[in-house]
Amino acid sequence: MSARTQQSQPSGEAVHRAGFACFVGRPNAGKSTLTNALVGKKVAITADQPQTTRHTVRGIVHRDDAQLILVDTPGLHKPRTLLGERLNDVVRTTWAEVDVIGFCLPANEKLGPGDRFIAKELASIKKTPKIAIVTKTDLVDSKQLAEQLIAIDQLGKELGFQWAEIIPVSAVGDKQVGLLADLIVPLLPEGPALYPEGDLTDEPEQVMVAELIREAALEGVRDELPHSIAVVVEEMLPREDRPADKPLLDIHAFVYIERPSQKGIIIGPKGKRLKDVGIKSRKQIEALLGTPVYLDLHVKVAKDWQRDPRQLRKLGF
């Protein structure tokens with residue numbers, strides 16, 4: 001809607017906006033952490049190693065003047081496997097469908113070839129407003145931050161486009177996260193809310209539960225198995241014959257790895273690591289679903305699943 005049309009509205013009548021924004025950036029640029037900070041509840045998986053987000057998780061920010069739906073995409077990167085190619089396709093499809101793109105660039109890392117690769121792709125998307133979000137500002141001093149802001153401004157100019165905004169944030173320190181939402185909202189189209197008030201994500205619960213299990217499974221083995229783990233929740237059923245005030249949800253899930261030799265790594269000595277994964281993820285799942293959970297975890301080998309189209313389909317990619 002043009003500025004002129006907006007002005008012709010009766011004064012005092014509040015405009016409500018609703019639309020989609022997505023965060024892009026190199027793997028591990030702080031996109032999921034930022035999504036969680038904006039929504040105020042854990043909806044996207046976060047981990048210290050790259051390429052942990054595999055599903056488009058929508059976080060929904062409800063405000064009086066707007067509803068902002070955040071789409072969290074996998075990091076765009078030069079693909080080495082069939083899984084990598086599919087992840088990149090997901091990213092480009094998402095970019096074509098959103099109202100605003102936020103490009104996340106960590107304050108503590110100089111701009112590199114990966115950032116330029118993404119910025120070049122962004123330059124080819126003409127109509128969508130692009131915001132540069134400088135993440136992890138709690139890790140640098142003011143001089144470093146200033147240098148990064150100048151470099152990012154320059155990057156846009158080199159590629160022939162103008163950033164709608166450049167904003168430094170720290171999701172961990174909760175600095176300027178609210179301001180980021182304030183800057184995105186005016187770029188959204190006018191319209192009523194697209195989701196009911198209480199919704200924080202439209203991702204199926206089974207997918208979110210699988211992501212929480214995978215996050216816990218990655219924690220102890222990030223160096224050995226960064227991308228070899230997939231989780232499938234086979235079923236989630238309320239336990240029968242339980243009194244209404246003491247419900248229990250039975251969750252049966254499989255942790256898939258690529259080679260038999262990885263099984264021992266995931267299970268750990270005397271099953272300790274798998275037990276820890278169960279305890280940690282069960283707490284997160286209970287917090288997410290608001291109900292006590294019995295979690296049954298098993299480890300299975302799906303040979304070289306990242307390169308096999310049939311296995312990828314079976315594992316939800």
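**Entry 1: the second largest cavity**

I began with the lining of the second largest cavity, where α7 (205-219) and α9 (272-289) each supply at least two residues. I take helices as DSSP runs of H or I with at least four residues and strands as runs of E with at least two, numbered from the N terminus. The model is predicted: local features need pLDDT of at least 70, side-chain atom pairs count only at pLDDT 80 or more, and totals for chains, interfaces and linings use all residues. Residues are numbered from 1 along each chain as its sequence is written, and side-chain values use heavy atoms, with hydrogens and water left out.

The lining consists of Leu212, Glu215, Ala216, Lys280, Ser281 and Gln284. I sorted these residues into two nonpolar, two polar and two charged (Ala, Val, Leu, Ile, Met, Phe, Trp, Tyr, Cys and Pro are nonpolar; Asp, Glu, Lys and Arg are charged; the others, Gly among them, are polar). The space inside this cavity is about 30 Å³. Searching the whole structure gave me two cavities of 30 Å³ or more. A cavity here is a set of points, on a 1 Å grid over the protein atoms alone, where a 1.4 Å probe fits but cannot get out; lining residues have an atom within 4 Å of a point. The volume is the space filled by probe spheres set on the points, which are joined across faces, edges and corners.

**Entry 2: α2 against α6**

Next I looked up how helix α2 (residues 31-39) packs on helix α6 (residues 177-184): the angle is about 85° and the axes are 10 Å apart. The two helices therefore count as roughly perpendicular (angles of 65 to 115 degrees). On the α2 side I found Leu34, Ala37 and Leu38, which meet Val177, Leu180 and Ala181 of α6 (contact means heavy atoms within 4.5 Å). The residues of this contact are six nonpolar, no polar and no charged.

Is Leu70 buried or exposed? Leu70 is buried, at 0% relative accessible area (buried is under 20%, exposed over 50%, with a 1.4 Å probe and protein chains only). I located Leu70 in strand β3 (residues 66-72). Its C-alpha atom is 9.9 Å from that of Ile101, 31 residues apart along the chain.

Lys126 sits in the loop between α4 (113-123) and β5 (130-135). Its relative accessibility is 70%, so Lys126 counts as exposed. I also noted 8.4 Å between the C-alpha atoms of Lys126 and Phe161, 35 residues apart along the chain.

**Entry 3: the whole chain**

I ended with the totals: ten helices and nine strands, with 48% of the 317 residues buried.

Note on methods: Axes are lines fitted to C-alpha atoms, for helices over the stretch in contact, and angles run from 0 to 180 degrees between N-to-C directions. Angles under 35 degrees count as roughly parallel, over 145 as roughly antiparallel, 65 to 115 as roughly perpendicular and the rest as oblique. On a 1 Å grid over the protein atoms alone, a cavity is a set of points where a 1.4 Å probe fits but cannot get out, and a pocket is an open set with protein on both sides within 12 Å along at least five of seven lines; lining residues have an atom within 4 Å of a point.
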